[in-house]
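Dear colleague,

Please look through it before reading on.

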Amino acid sequence: MRFFHAMGAPIPEQIRDVLTAYAVNPVQVRPVETGLINRTYRVTDVNGLDYILQAVNRMFPPELNLDIDVVTRHLEKSGLLTPRLLPDRHGMVFYRNSGRTWRLFSYISGVTHQRLRQPELAGAAGVMLGRLHGSLALLDYELRTSRPGVHDTDRHVRHLKNTLENKKAHARYAAIEPLAEDILAHLRQLPKLPAVSKRLVHGDPKISNFIFTGDDREVKCMVDFDTLNKMPVYLELGDALRSWCNPAGEDTTDGYFSMAHCRAALDGYARHTGDLLTRQEWLAIPLATLTIYLELATRFCADALNEDYFSWDADRFSSHSEHSEIRARGQFNAANSVLNHYDEINNVVNEISAP
């Protein structure tokens with residue numbers, strides 16, 4: 001990783017210009033490699049204060065930052081620690097430079113994880129997500145921006161089918177096609193999720209968006225609010241369990257669903273939501289979890305032939321296609337693990353949500 005430093009490698013002029021707009025005099029700028037969408041830097045100024053600077057991906061409209069500002073202000077007022085957008089010299093919470101949107105966040109120290117080995121950490125994440133949902137339920141606000149098609153499983157299925165039709169000449173088609181057909185066959189057997197009212201949610205509760213304390217005993221806050229959206233809350237919880245309850249992580253075929261993590265997560269969540277969720281919303285969580293595992297397997301499988309969406313690790317895998325295939329197989333195996341534990345998951349949900 002290359003550090004930019006006032007006394008070493010020069011800080012790029014564009015970054016220095018943006019920071020000048022925020023009245024920040026940097027001495028060090030360090031790229032943060034964990035994000036997949038925005039270019040992110042940790043900035044240290046002459047006073048020793050740290051910030052997070054981001055060059056926002058062009059897929060996000062600048063107005064999204066106004067939504068983030070409203071929501072994070074609300075979270076802070078309700079007692080939750082949250083990264084805050086800092087204003088530039090003109091009081092704006094984003095800055096335009098050479099056709100690119102930039103923003104500066106307050107910095108929150110802590111530990112992040114790409115996967116969870118201990119169930120206790122899933123419990124801590126559940127507590128934070130429950131507190132977040134409880135706070136957002138009290139916010140009367142219509143988002144300026146929205147993300148249509150999030151968790152539109154039918155759309156992802158159509159994309160995979162079109163990919164199978166159009167990518168038959170791909171060198172690895174023979175390896176990918178049987179996996180794709182297995183995933184599609186599983187999806188055809190799923191019942192429909194119930195129609196419920198949509199709630200304002202974070203939108204991407206994967207575990208890497210949680211900042212833990214140094215001792216891992218609790219979560220300090222959630223980050224990355226680019227995904228703010230209104231959707232059925234069971235989809236948010238299904239996506240959370242998909243991420244938190246697979247101790248193997250996403251970059252292996254050895255995906256599985258941990259019941260210990262599931263119970264801890266839902267226990268933690270329920271302790272801080274009371275009667276926020278309806279009985280119907282609770283009971284849809286197992287099916288939502290299974291659906292999202294298969295949905296993500298569908299997306300990875302299509303990317304194994306298109307090689308145009310997800311990032312890939314060239315140090316560990318021979319090609320973009322191979323990395324996406326391994327991810328697809330891992331999510332598919334975890335989905336089958338959910339099926340094996342389906343009655344247990346239902347029992348946990350029933351026990352926790354019982355009146």
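Which elements each supply at least two residues of the lining of the largest cavity? They are α3 (119-136) and β9 (219-222), where helices (H or I, at least four residues) and strands (E, at least two) are DSSP runs, numbered from the N terminus.

Please bear in mind that this is a predicted model, in which local features need pLDDT of at least 70 and side-chain atom pairs count only at pLDDT 80 or more, while totals for chains, interfaces and linings use all residues. Residues are numbered from 1 along each chain as its sequence is written, and side-chain values use heavy atoms, with hydrogens and water left out.

Grid points are joined across faces, edges and corners, and a volume is the space filled by probe spheres set on the points.

The largest cavity has a volume of about 40 Å³, and its lining includes Leu75, Met128, Cys221 and Phe225.

The second largest cavity holds about 30 Å³ of space, and among the residues that line it are Gly126, Trp244 and Tyr269. Two or more residues of this lining come from each of α3, α6 (233-244) and α7 (259-271), and α6 gives the most, with four residues.

Best regards

Definitions and conventions. On a 1 Å grid over the protein atoms alone, a cavity is a set of points where a 1.4 Å probe fits but cannot get out, and a pocket is an open set with protein on both sides within 12 Å along at least five of seven lines; lining residues have an atom within 4 Å of a point.
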